[in-house]
Protein chains: 2
Amino acid sequence: MTYKAPIEDIMFNIEHLSSWAEVTELETYSDITSQDAEAVLDGFGRFCSETIAELTSIGDTIGSKFDGEKVILPDEFKTAYDQFVEMGWQSLPHSTSHGGMGLPRALGAAATEILNSSDMSFGLCPLLTDGAVDALMLAGSKAQKDHYLEKLISGRWTGTMNLTEPQAGSDLGRVRTKAVKNDDGTYAVSGTKIYITYGEHELSENIIHLVLARTPDAPPGPKGLSLFIVPKFVLNDDGNPGERNGVNCISIEHKLGIKASPTAVLEYDNATGFLIGEENHGLQYMFIMMMSARFLVGIQGVAISERAYQHALAYAKDREQSPPVDRSSNQAVAIAQHPDVRRMLLRMRALVEGGRALSIATAGWLDLAKNGSDEQSNSAKPIAEFLVPLVKSFCTERALEVTSLGVQIHGGMGFIEETGVAQFYRDARILPIYEGTTAIQANDLLGRKILRDKGALAEEFTSLIKETETQLQTGSEQAKMFANKLAKAREAFQSSLNWLIGQAENNINATYAGSVPILMLAGNLAAGWQLGKSILAAEAEITQGNNIAFSKEKIATACFYAQHILPECELEKTRITEGADSILNAAFAHLET
Amino acid sequence: MTYKAPIEDIMFNIEHLSSWAEVTELETYSDITSQDAEAVLDGFGRFCSETIAELTSIGDTIGSKFDGEKVILPDEFKTAYDQFVEMGWQSLPHSTSHGGMGLPRALGAAATEILNSSDMSFGLCPLLTDGAVDALMLAGSKAQKDHYLEKLISGRWTGTMNLTEPQAGSDLGRVRTKAVKNDDGTYAVSGTKIYITYGEHELSENIIHLVLARTPDAPPGPKGLSLFIVPKFVLNDDGNPGERNGVNCISIEHKLGIKASPTAVLEYDNATGFLIGEENHGLQYMFIMMMSARFLVGIQGVAISERAYQHALAYAKDREQSPPVDRSSNQAVAIAQHPDVRRMLLRMRALVEGGRALSIATAGWLDLAKNGSDEQSNSAKPIAEFLVPLVKSFCTERALEVTSLGVQIHGGMGFIEETGVAQFYRDARILPIYEGTTAIQANDLLGRKILRDKGALAEEFTSLIKETETQLQTGSEQAKMFANKLAKAREAFQSSLNWLIGQAENNINATYAGSVPILMLAGNLAAGWQLGKSILAAEAEITQGNNIAFSKEKIATACFYAQHILPECELEKTRITEGADSILNAAFAHLET
């Protein structure tokens, strides 16, 4: 079955949750209408359904191959990538100053979702290029921007992110790759990087590696890292790819999923590198790329969940087994009619819609943070930064659940590879790992965004939620039900917050024992909050007589979220406030090393 | 890394949770001691570690192959199977009347766990043979027992279970395979069966298929099914395999996991079948085999979880990243020291130990039900039947979670196939599907074991739990904490029960919307109950100065279960009693067919 981009729901999210009115009033975007946005996404959706979604099974079966020198993807990937570049899709969210379409970030987020629903292996390449563009745009020199940005934004060149080394995964302070300054101001970069997504391939004319390395006199740990541009082909004076640089692929990994996306081990041997910004500030620049990539990986979670949902729904409407449990008929009915299959389908759908709402809302704040007035930026930036680890983790951890439910709905068929849904289950498994595991996102949330200001920003987040509760309390019975569930979840967050902050001074281990639970709680709550806003928007639509069927379903899905998913916040609170003890208990000799 | 059978924990469970004193006093088992049991399991554990655990990666890489006629497994499987048979391991739980070792069911359950931890693909073959033995033992004629049992119990022949057809999965009433009586009293069986585990292979001299089929005049639906023995080779007069029967493999499936276990499509073309018992009673006999298989599949869930846990623990103790969060050192420490990794490891371990406790306790009741006095049997049988769907679903659904955590702890390494833990994640995915999906188990629990007697048996189950609570309340602080959490979970079960029974008369769809949640709640509660009993036993051990380190860890793991897993019961209650509405809501046009 084919993927169909859920344009109606995406546009609902863009118009009602992404600060669309504010964003489109920004000078950068002044002439963009909803109609324009929808037309762009419609066209992109068509291209993705017809071209990219056809790659999923091919990519999984053939995978990418390494012949000792080159990494070759299936032919269909090259053809599709050429079309993607030719049609200019890479440029969609990027600044017109270097050839981009200059569309709002929410549209970029939507496009990332559509592309990755169609094929995650394919979608990773543009995703990393997006991150490299963001990093160069903010931290690159004028010359670097001139040399690289237009080609990256066009998609003719692609970008990569080189952090991990065998001994340095989550712990970047252990990076050993060396960068020694040459007489001409360039650097000689040497070392081994692993897990480099699209680290080598033939899709594009050049690959622009952004590489964390250490200069000889750098201080130890993360504060001694510098960031370098290391192009696969060093540029000629005319700006075109010239000589091959000293960076080579050693091998690619044999993975559980996303098999067409090559994961390379790269050996840098006196490769020519160009310093970005200043020495020893590399991690700070890399963080720009990481923020972008984390946000977009969260969207990959929504994307693969949507794809899994579409497959499961189609199967459940088609497959007939057993009469209905209420015996309203003696004939077997489509399994979508059985209460438990409905439960699973609605769970999938509610998690997809919650993740989408959260990610598109965050895109709006990211946009205001970057392109808004000082006032807009000051207000949007902290909330956007608070939400990015939530988007990354909520949407990716839930993708495991959603793709697993997709398999379950298919029964025995789900376990057969040809059905296609097992692939989503495999592909999704990387999402809570790469670009910072869930635990790393939790450290980010807890350390940087909760403990550092003693919960001030987190309290601001809850007061925004309270506003939505108040609005919901003036609405329909369903809106009131939702408000009550949201309030309970928000209170669970606040109790947890108080407990964690209270422990931080004398029992920091107990605080961190609750790191992932508070992240999961916050992600659930944040997505629920956005679905609460969706109810308000949908009820307004119904009052105005617009999109009645769609709006009713939106409200119904949100109600499922309120009754089945928001209550998990209370469980996480119990774990956080009553469960540290049993995690840190000393009796676990088997954990001692 | 190699698998090591957790003999100490298994023996703890057998001695303290499997009604061991009662069981070993039965006439059938009168001369068995704990020392015997441990010696047997020790020997089996060694064999499995050395021989079977070596198959896991080979089986996954090579898989089983179909050449158009024969199904060939990797050579190592044939060698290992021959050894398994030669050492007599298949006979472990079976009656001495037909050559079995005649050991208690709890030992059989433990052996199934150890074998399936070592390799699930391998373990499936003996598992199905066990089920065929159980069915023939209870429903076969004297002649059938004489013809088949000794060979099956020795492992020289293997058994299969033929239910599913393309149009008949969960809905067995749709089975179309025909059986027409021949003049000699045998039947000509014709039809297509799918998903037949070990339906064709060369490991054994014969394969004994138990096949559900329909005689020409049979009533429609499940009440018109009869059960037949269809041997791959019809027996000669001397009882040895003779002529090839009319059953052929058409293809085998290409699956997400358990790739060495061949899943066959079998075509029956006037195959000679032998009726078991009476016509039209087939489902009732097949249910014996299904009960056995469901119970043992639950144990497969514990088994693969244990294997995943051992890998994750070894990795977490070895892999060093980042200094501790409490800054007690500036050096990177083993990740097992980081609170969140501890949380994940303990979650894995608590789920393994909970599942093991539940399954070994159930084995004890199954034993008393079958081999006990009338009084023992009357008391044990209902509770055993109540628990089997819980064992099947709790242990298998949790295996998805545990194997996923195993991947997560490995970080990027977890996604690389060579690490081996991704295979556990793939292999485990079949468990909540085969031998009746989780939804089918939920229908069994709700329909047959809750609604039919209006909750009487379920209330008996809760009163047993209350007894354990009372005993725990007289123990240590930890025991009291556990008792309180257990009481809360038990109350959640009772409220849910009352709600579900209350809805059944006028709103049966609402009752069934809570079918899987009540199953999950009950499974969690039942496992928690057994861990509560474990605390009592462990505290008694400590008081007596026995196994102090082990007993302390047992209590600590149970406390983790109480603080992190039992509270999920409350969440399920909320979903059941407040969530049916949003599942059955009429606004979901997208679900209509």
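In this predicted model, the contact between the two chains brings 79 residues of chain B against 78 residues of chain A. On the side of chain B that touches chain A, the element that gives the most is helix α19 of chain B, residues 568-584, with 10 residues. Sorted by class, that side of chain B holds 38 nonpolar, 23 polar and 18 charged residues.

The arrangement of the two chains can be described by a rotation of 180° with 0.0 Å of shift along its axis, which superposes chain B on chain A with an RMSD of 0.0 Å. The two copies are therefore related as by a two-fold rotation axis. Among the residues of chain B, Leu571(B) comes closest to that axis, its C-alpha atom lying at 3.4 Å. Both copies use the same surface, since 99% of the contact residues of chain B recur in chain A.

Within chain A, the domain assignment gives domain 1 as residues 54-87 together with 119-280, domain 2 as residues 285-437, and domain 3 as residues 441-582. The centres of domain 2 and domain 3 of chain A, taken over C-alpha atoms, are separated by 18 Å, and the contact takes 23 residues from domain 2 of chain A and 22 residues from domain 3 of chain A. On the side of domain 2 of chain A that touches domain 3 of chain A, the elements that give two or more residues are α10 (339-371) and α11 (374-409) of chain A. By class, this side of domain 2 of chain A has 13 nonpolar, four polar and six charged residues.

Turning to a helix pair, two packed helices are described by the angle between their axes and the distance between the axes. Helix α1 of chain B, residues 7-17, and helix α3 of chain B, residues 34-52, pack at an angle of about 145°, with their axes 11 Å apart, and the crossing of α1(B) and α3(B) is right-handed. From α1(B), the residues Ile7(B), Ile10(B), Met11(B), Ile14(B) and Glu15(B) meet Ser34(B), Ala37(B), Glu38(B), Leu41(B), Asp42(B) and Gly45(B) of α3(B). Counted by class, the contact of α1(B) with α3(B) has six nonpolar, two polar and three charged residues.

Tyr268(B) is found in strand β11 of chain B, residues 263-275, and Tyr268(B) counts as buried because 26 other C-beta atoms lie within 10 Å, where the cut-off for a buried residue is 20 or more. Leaving aside neighbours within four places in sequence, Tyr268(B) is in contact with Thr177(B), Val189(B), Ser190(B), Gly191(B), Lys193(B), Val211(B), Val230(B), Gly246(B) and Val247(B).

Two serines of chain A deserve a look at their backbone angles. Most residues other than glycine have a negative phi. Ser19(A), however, has a positive phi near 55°, and is found in the loop between α1 (7-17) and α2 (20-25) of chain A. Ser322(A) likewise has a positive phi, of about 65°, although it is not a glycine, and is found in the loop between α9 (282-318) and α10 of chain A.

How values were computed
Residues are numbered from 1 along each chain as its sequence is written. Chains are lettered from A and ligands numbered from 1 in the order in which they are written. This is a predicted model: local features need pLDDT of at least 70, side-chain atom pairs count only at pLDDT 80 or more; totals for chains, interfaces and linings use all residues. Domain bounds come from an automatic or database domain assignment. Two residues are in contact if their C-beta atoms, placed from the backbone, lie within 7 Å. Helices (H or I, at least four residues) and strands (E, at least two) are DSSP runs, numbered from the N terminus. Ala, Val, Leu, Ile, Met, Phe, Trp, Tyr, Cys and Pro count as nonpolar, Asp, Glu, Lys and Arg as charged, and the others, Gly among them, as polar. Copies are superposed by least squares on the C-alpha atoms of residues with pLDDT of at least 70 in both. Axes are lines fitted to C-alpha atoms, for helices over the stretch in contact, and angles run from 0 to 180 degrees between N-to-C directions. A crossing is left-handed if the near helix is turned anticlockwise from the far one by less than a right angle, and right-handed if clockwise. A residue is buried if 20 or more other C-beta atoms lie within 10 Å of its own, exposed if 12 or fewer, and partly exposed in between; C-beta atoms are placed from the backbone.
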